[in-house]
Amino acid sequence: MTRVMVVDDHPMWREGVARDLTEAGFEVVATLGEGRQAVRVAGAARPDVVVLDLQLPDTSGVEVISGLLAAVPGVRVLMLSASGEQQSVLDAVKAGATGYLVKSASSQEFLEAVRRTAAGDAVFTPGLAGLVLGEYRRLATTPDQADDDGAPKLTDRETEVLRLVAKGLSYRQIAERLGLSHRTVQNHVQNTLGKLQLHNRVELTRYAIERGLDDA
Amino acid sequence: MPDALQVPLWRAIAVFRFASMAFVVVSVIRNVRDYTHPVAAVPAVAVLVLWSVATAALYARPAWRHWPLLLADLLVTLALLLASPWVVGRTALDSGAPTLAVAWQAGPVLTWAVSGGRRRGAVAAVILGAADLLVRDKLTQSSITGLMLMLLAGVAVGHVARLTVESEQRLQRAAELEAAGRERERLARGIHDSVLQVLAMVQRRGAHLGGEAGELARLAGEQEAALRALIATSAPTAPGPDIDLRAVLDRYATPEVSIAAPATPVLLPAQVAKEVGAAVGAALDNVVRHCGGGARAWVLLEDEPDGVVVSVRDEGPGIAEGRLAEAAGQGRLGVAQSIRGRIADLGGTVEIVSEPGQGTEVELRVPRVAA
């Protein structure tokens with residue numbers, strides 16, 4: 001049974017989501033209202049998936065995600081946000097979240113997103129695809145990043161797939177249009193996230209080395 | 001009227017009045033033996049001292065800094081000045097003896113200047129200066145110099161007083177703006193943390209239940225999107241005439257219309273951004289017209305090095321190949337035509353792609369013109 005932890009500062013929302021998850025056959029191992037508390041509890045609760053509200057009162061989404069990944073290596077994080085806080089969503093994805101959903105999504109969409117996140121798929125909204133496309137574009141045009149071989153680039157196929165996701169096509173529709181298998185489309189989408197997350201980790205390490213923080 | 005910054009000016013005038021009063025008293029004591037009517041100097045000095053004390057007390061209250069007291073101030077000073085020839089005597093005055101007001105007569109010039117600015121200060125200086133010249137039979141260099149100095153003092157102090165009023169008003173406006181901004185942010189946070197969450201919740205549960213609850217859910221969703229747009233504090237854009245195209249397109253976001261854009265501002269000249277926004281609006285109207293009210297649509301904004309690309313896709317039945325060209329040939333693509341027109345004016349291109357079963361896609365490309 002998939003173990004799910006729900007982190008959201010709104011009690012009504014938290015309970016509603018937990019009830020939906022339980023009814024759908026997930027095991028809700030913890031429901032929490034604060035990010036730091038979630039990071040502390042995660043080690044003991046050992047969730048497979050964390051459903052995380054991106055706007056928590058005590059700490060940033062990036063901090064919670066880094067903390068969760070350190071506490072439970074391999075945990076999957078599905079972010080929820082009430083509105084499209086664009087930069088914070090992008091930052092969270094770079095920090096390691098693998099899925100994003102707006103809170104206005106239906107229950108079915110939400111449960112499906114949790115299922116797919118648990119299975120290791122990247123869950124994209126069209127909005128997230130637009131952000132990721134923009135981020136690759138920014139990396140390619142920022143001078144000191146573009147000269148650097150380490151800056152991640154999208155293949156033509158990946159760009160094509162992401163653009164279609166951003167335009168609201170389902171993976172099935174994309175597979176149909178491009179003559180690919182559903183699995184291949186999924187892998188392309190996942191790769192776009194993986195490269196960004198890897199680049200983010202490399203950048204953080206390099207930053208740490210440049211600042212001499214690795215000595216500490 | 002804000003007057004916190006004027007308080008020091010009024011205080012300075014009171015100090016000046018007392019200092020000049022002391023000067024007058026000393027000069028009267030030194031010269032009283034030569035006066036034509038020395039006894040009359042006593043009530044004159046009494047008036048001078050009393051008036052100095054009275055004005056210091058009265059001008060300290062903003063309510064008194066108006067015409068009645070200003071005029072009385074001028075008249076008392078004029079009276080002292082005009083009494084001078086009789087008390088002091090013409091011959092003494094002409095041989096250079098000071099009047100009964102001497103430097104003290106600059107007091108009303110300063111009060112007029114501080115209360116009403118340069119022009120009022122100059123008027124008071126001219127009136128008192130003319131009276132000063134009148135009481136002497138011949139023009140001496142020193143009395144003309146005195147008049148000029150008083151005139152300059154009136155104009156300069158009036159100017160400073162006006163500046164303090166203006167900067168005070170500017171300060172207050174800035175404080176108000178800042179307070180309004182903070183309050184707006186506080187409201188936005190509050191709404192975000194409470195109302196938006198509940199609306200999203202209603203939308204989610206209601207959609208699950210269907211029927212009438214589904215209708216309520218749809219309304220809640222619409223209100224959520226509207227409220228969110230209302231409280232969205234737009235990111236500060238770069239200075240200059242460029243505006244962020246994302247902000248323009250975000251206005252079209254509804255539960256049915258998804259807007260995908262980069263996380264960084266997409267800056268375009270205001271006119272170009274407005275035209276692109278209008279073209280996207282026309283494309284979305286077209287979606288509603290052809291696919292019905294609840295039809296979903298997706299807008300994707302991409303920031304390319306040489307221009308911006310905006311795609312609008314719907315899930316309608318699509319247009320069969322050939323039908324588009326046929327319709328265009330017959331001039332029946334009204335809305336598409338208006339989109340093409342707008343974008344062509346910007347030097348851009350419009351591509352309409354329709355695949356049966358996958359909706360219709362309108363792609364607008366607008367080049368970035370080097371400024």
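Modeller: Take strand β4 of chain B, residues 297-304. Seven of its eight residues are buried, so β4(B) is largely enclosed by the rest of the structure. Buried here means that 20 or more other C-beta atoms lie within 10 Å of the residue's own. Keep in mind that this is a predicted model.

Now look at the partners of β4(B). One is strand β2 of chain B, residues 257-260. β2(B) and β4(B) run in the parallel sense, and four bridges join them.

Another partner is strand β5 of chain B, residues 307-314. Here the sense is antiparallel, with eight bridges. For a landmark, pick B:Leu300, whose bridge partner in β5(B) is B:Ser311. β4(B) and β5(B) form a hairpin, and two residues lie between the strands.

Next, the place where the chains meet. There, 31 residues of chain A are in contact with 32 residues of chain B. On the chain A side, the elements that give two or more residues are α1 (11-23), α4 (86-95), α6 (126-141), α8 (156-166) and α9 (171-178). α6(A) gives the most, with eleven residues. By class, this side of chain A has ten nonpolar, 14 polar and seven charged residues.

Methods:
Residues are numbered from 1 along each chain as its sequence is written. Chains are lettered from A and ligands numbered from 1 in the order in which they are written. This is a predicted model: local features need pLDDT of at least 70, side-chain atom pairs count only at pLDDT 80 or more; totals for chains, interfaces and linings use all residues. Two residues are in contact if their C-beta atoms, placed from the backbone, lie within 7 Å. Ala, Val, Leu, Ile, Met, Phe, Trp, Tyr, Cys and Pro count as nonpolar, Asp, Glu, Lys and Arg as charged, and the others, Gly among them, as polar. A residue is buried if 20 or more other C-beta atoms lie within 10 Å of its own, exposed if 12 or fewer, and partly exposed in between; C-beta atoms are placed from the backbone. Two strands pair if DSSP finds at least two bridges between them.
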